[in-house]
Amino acid sequence: MTASATTIAARLESIAGVEQVHAQSAACMRYAVDDLAPSAVVRPANAEQVAEVVRFAVAEKLAVIPCGARTKLGIGMPPARYDIALDTTRLDQIAHYDPGDLTLSVDAGMPLAKLNAVLGEHAQFLPLLAPWYSRTTVGGTIASGVDSPLRQFYGTARDFVIGAEFVTGAGTLAKSGGRVVKNVTGYDLHKLLIGSLGTLAVITRVNFRTFPAPPAARGFVASFATAEEALRLRRRVVDSPLSPLTLDVLSPGLAQIFATRTPATPEVAVFPGESHSSNQTLLRMLGNWFSPREWHLCAGFAGTPEVLQRYERDLTQFAADSRATCTTVLDDATRPSVWGRLRESLSMLCEASPAATIFKLSLLPEQHTAAFAKLDEIAERASLPSALIARAAGTIYFGLLPEQSVEKNAENLARLASAATTIFDLAAHEGGYATIPFCPSGLKRRLNIWGTHFVSRMNLRDAHRPDFALMQRVKSAFDPNSILAPARFPGAI
């Protein structure tokens, strides 16, 4: 770094204003990534100020990490350098919204919950129901690439992001895509920003296709003695004419967390009929639907009264055929407590343990039965509590949940590292892959959270993934000076 903290702060103040720059230690620590804090925090008011901050960082060879509400800054490897935290939360306006065309252009710092509240006035919504929902921002959700239970019906952000505006690592204002669905001119460069963790560009605005809000919705929970039975019901639903909004299988460990805890993140209403006041509240505790000794299938569905009756009848019959021990249909009074927990599964796993280590495995759905058994065996061998949730599309989130932190119990770190290596190998053996979105910083110093495709953070150039060279070229094209979140993502060196 060629500039002192005082010089950095002074220059940032000339760009964004004195009140929008913080260089005090306490303020900077709130933006720390894996225990590394920036020298200064800046909150630009618009894309032009973002570009000026980035150009200043390029000139002074400073590292910048874009952030929003900071709910997902723990994703990724520790940064190699970190000088400026670029807080985008002042970019919080809806630039364009045409309810008739179902299109929307919104600044990156807009909170998701606030955005959906506006869309709800027009009976529309954006199916980005990501964890930490009431706090997370649009840009942070896109940059983190975290999905939601609604991907079963609506897909992921890749399916409804139609354009974006951003600032490259060279400080250039750029855009990709458009504001209407039929605009297909050029390459979909904005799709590269999804899940990039801010390593390619600073997202300043995102264009979406919006969706009609469900006119009425219900939930369904079926309990089973074994994972095989729960997965049998899931397969029956997938093979049927039914198209549920959500379709997830929960392990007994996650059922216990759901039954005994409530998310720390304040809750807000998402769909019509949900009984939350204008003041944010915590989710209500569940009924007795989640036994910690059983596996559970959770489905959500929406439609007219006739459609809801069809779902209730068919799901109940399918569950009985699959030997369910109990079934429950959730109405507007009870559905939010379950749907909210499904949406907040990752945040609840993080809150359940001081050293929560959450794996994301991408496997074919037909491989889940064997994968569940092997993951349970890995957890037992490590003597660690575990919990998982599996999406019908194939994604499994598996959490190892030590009761003590790795700082207080070094043995936990060794067991987590050994289990992680085994899980990476398991996924690779099955033709899939595994990563670790959330884990203690100490574990990141022992292994690479992006999996066995990457040898080590200090030796990324020796990685043997065939697309690694291409990832490096993309990084160099967007960020030629490597100032944006260096080393946090493969290729972001």
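Author: Glu-430, at 26% relative accessibility, counts as partly exposed, a class that lies between buried (under 20% relative accessible area) and exposed (over 50%), with a 1.4 Å probe and protein chains only. Its partner in a salt bridge is Lys-374, and the closest N and O atoms are 3.3 Å apart. A salt bridge here is a side-chain nitrogen of Lys or Arg within 4 Å of a carboxyl oxygen of Asp or Glu. Lys-374 is likewise partly exposed, at 34% relative accessibility. Because Lys-374 belongs to helix H12 and Glu-430 to the loop between helix H13 (410-429) and strand S19 (433-438), the pair ties together parts that are 56 residues apart in sequence. Helices (H or I, at least four residues) and strands (E, at least two) are DSSP runs, numbered from the N terminus.

The model is predicted: local features need pLDDT of at least 70, side-chain atom pairs count only at pLDDT 80 or more, and totals for chains, interfaces and linings use all residues. Residues are numbered from 1 along each chain as its sequence is written, and side-chain values use heavy atoms, with hydrogens and water left out.

Arg-381 is exposed, with a relative accessible area of 53%, whereas Glu-377 is partly exposed at 44%.

The packing of the helix comes next. The axes of H12 (residues 368-382) and helix H7 (residues 227-239) come within 10 Å and cross at roughly 150°; axes are lines fitted to C-alpha atoms, for helices over the stretch in contact, and angles run from 0 to 180 degrees between N-to-C directions. H7 is therefore roughly antiparallel to H12, the term for angles over 145 degrees. From H7, the contact (heavy atoms within 4.5 Å) involves Ala-227, Glu-228, Leu-231 and Arg-234, and from H12 it involves His-368, Thr-369 and Phe-372. By class, 3 of these residues are nonpolar, 2 polar and 2 charged, where Ala, Val, Leu, Ile, Met, Phe, Trp, Tyr, Cys and Pro count as nonpolar, Asp, Glu, Lys and Arg as charged, and the others, Gly among them, as polar.

By the salt-bridge rule, the count comes to 20.

Conventions: Angles under 35 degrees count as roughly parallel, over 145 as roughly antiparallel, 65 to 115 as roughly perpendicular and the rest as oblique.
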